[in-house]
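Please open the structure in your viewer and keep the selection panel at hand.

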Amino acid sequence: MVARLAGQLGGGCVLVTGTNGKTTTSRVLASILREARQPLLHNREGSNLMRGIASALLSAAGPSGRIAGSERMLGLFETDEATLPAAARTLAPRAIAFTNLFRDQLDRYGEVDSVFEFWRRALAGTPASATLVLNADDPSVAELAEGWSGPVEWFGLDAPEFATTSGGAFDARWCRECGGTFEYDLRYFAHVGYWRCPGCGRARVERPAVVARQITLSVESSMFVVDGLGAVTMPLTGLYNVSNALAAIAMARVLGIEDGPIVRGLAGVEAAFGRQETVVVEGRKLRLMLVKNPAGANQVLQLLGALARSADSKPLHVAVLLNDRFADGQDVSWTWDVDFEPLAQSLGRVWVGGTRAPDMALRLKYAHWPAAAAVEESPATLLDAILRDTSAGDDVFVVPTYTALLDFRGELARRGAVGEFWVHE
Ligand SMILES: [Zn+2]
């Protein structure tokens with residue numbers, strides 16, 4: 001059914017996958033394509049399994065199974081890492097963007113190696129004419145170019161000012177080709193940066209086609225320079241979101257989109273659900289920053305560290321919410337792979353929530369964070385504590401796992417601060 005429906009799309013299909021950033025990358029790309037007046041079918045409601053792709057196609061189709069206006073329409077499908085083989089086989093994509101490969105929650109897909117194998121298998125079933133849009137900075141993603149006979153469009157960061165010496169767990173330490181240990185001229189987070197293997201000489205491509213440099217991050221936006229586009233602004237912040245934007249820009253160029261719509265699309269992108277979404281409650285700006293795994297959490301903490309170091313910054317108010325339901329990862333030991341420590345000196349008020357609030361409070365105690373003003377499993381009580389301890393005009397960074405975000409956002413919806421999830425999306 002998916003193959004038959006998608007077969008009507010005259011513009012073909014493109015897929016976006018990776019452990020982190022695929023929702024944001026798809027949002028940025030969709031924004032660019034809208035500016036380019038490209039008719040679009042996008043599984044933006046967030047299910048990135050085959051059933052989500054199927055329902056996006058079905059909802060566009062009439063009773064006869066025809067998709068109106070499909071002659072020029074392009075399918076943009078955010079695709080779960082493990083769904084990629086089925087999606088690539090069924091949709092015969094024109095291009096696939098790979099953002100990164102990190103370890104997800106411990107109990108979800110097992111190790112990164114098995115995800116890499118999903119991807120290898122997916123590429124074996126992908127038309128050789130398809131373009132791979134690859135993150136040059138992630139050696140696991142870059143390796144997909146080996147043995148790919150079709151075109152490759154590379155993107156990467158040129159941001160030595162954001163190099164780190166910590167950055168938490170490496171999710172790729174050894175070269176798959178020869179077993180050598182990767183060395184880094186500079187590293188942004190985890191295993192992402194200017195990598196090379198001293199064993200076999202493989203290394204990050206020297207000149208990716210799409211590069212961001214002169215990156216400036218503020219609380220609500222980022223500015224960076226891209227060759228050909230000049231200085232661009234995007235209302236999303238964090239080095240990881242600049243990398244996501246590059247994936248979208250690279251894909252847009254593969255699709256032949258002109259520079260004007262790319263620049264306007266970046267400027268006009270809206271935050272996805274819980275990803276730097278700002279909710280105002282009684283004058284406080286709650287900035288929701290979903291984290292799903294150690295690498296994602298480290299990226300958010302690194303962003304908070306960068307904001308804390310910026311010139312006019314005050315100590316940061318931060319709430320961390322840890323749940324342990326299936327979608328969060330039931331094994332919460334991953335929090336010990338997250339670098340909470342570097343932020344300890346930059347904090348104002350701290351609150352801890354979620355079904356595993358005491359575990360989280362313990363982790364933060366070991367990270368030398370200030371004692372939490374509240375450790376509350378109930379989202380309502382936690383929100384009350386945040387409002388009690390802050391004043392109108394304050395910024396509060398709320399860092400939840402996935403179902404903790406749903407719970408907390410549900411409480412915000414009950415108080416009328418946000419629409420329900422499906423309405424918002
Ligand atoms: Zn090697």
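**Stop 1: a helix across a sheet**

Select helix H12 (residues 402-414), which lies across S12, S13, S14, S15 and S17 and runs at about 135 degrees to S17. Elements lie across one another here through residues in contact, that is, residues whose C-beta atoms, placed from the backbone, lie within 7 Å. Axes are lines fitted to C-alpha atoms, for helices over the stretch in contact, and angles run from 0 to 180 degrees between N-to-C directions. The labels H and S follow DSSP runs, numbered from the N terminus: helices (H or I) have at least four residues and strands (E) at least two.

Two remarks on the model apply throughout. Residues are numbered from 1 along each chain as its sequence is written. The model is predicted: local features need pLDDT of at least 70, side-chain atom pairs count only at pLDDT 80 or more, and totals for chains, interfaces and linings use all residues.

H11 lies across S12, strand S13 (284-289), S14, S15, S16 and strand S17 (395-400), and its direction is at about 165 degrees to S15.

**Stop 2: the six-stranded sheet**

Six strands form an open sheet with mixed pairing, in the order S12-S13-S17-S14-S15-S16. Two strands pair if DSSP finds at least two bridges between them. At the edges are strand S12 (275-281) and strand S16 (374-376), each of which pairs on one side only. From one strand to the next, the twist averages 20 degrees.

Inside this sheet, select strand S14 (residues 316-321) and strand S15 (residues 347-353). The two run parallel and are joined by five bridges. Leucine 316 has leucine 347 of S15 as its bridge partner.

**Stop 3: the nine-stranded sheet**

Move to another open sheet, in which nine strands follow the order S2-S3-S1-S4-S5-S6-S9-S10-S11, again with mixed pairing. Its edge strands, each pairing on one side only, are strand S2 (40-42) and strand S11 (230-234). The twist of this sheet averages 20 degrees from one strand to the next.

Begin with S2 and strand S3 (residues 74-78), which pair in the parallel sense over three bridges. Which residue in S3 is the bridge partner of histidine 42? The partner is leucine 76.

Continue to strand S6 (residues 152-157) and strand S9 (residues 210-217), which run parallel and share three bridges. Here phenylalanine 155 stands opposite valine 210 in S9. On to strand S10 (residues 222-226): four bridges join S10 to S9, and the two strands run antiparallel. Arginine 213 has valine 225 in S10 as its bridge partner. S9 and S10 form a hairpin, with four residues between them.

**Stop 4: two helix pairs**

Two packed helices are described by the angle between their axes and the distance between the axes.

Select helix H4 (residues 84-91) and helix H5 (residues 112-124), whose axes are 8 Å apart and pack at an angle of about 10 degrees. H4 is therefore roughly parallel to H5, a term used for angles under 35 degrees. Leu84, Pro85 and Ala88 in H4 meet Phe118, Trp119, Arg121 and Ala122 in H5.

Then select H2, which lies across strand S1 (13-17), S2, S3 and strand S4 (95-98) and runs at about 160 degrees to S3. Helix H2 (residues 22-35) also meets helix H7 (residues 239-254): their axes come within 8 Å and cross at roughly 45 degrees.

**Stop 5**

Across the boundary, 26 residues of domain 1 are in contact with 24 residues of domain 2. Which elements give two or more residues to the side of domain 1 that touches domain 2? They are H2 and H7.

How values were computed
Contact = placed C-beta atoms within 7 Å. Parallel < 35°, antiparallel > 145°, perpendicular 65-115°, else oblique.
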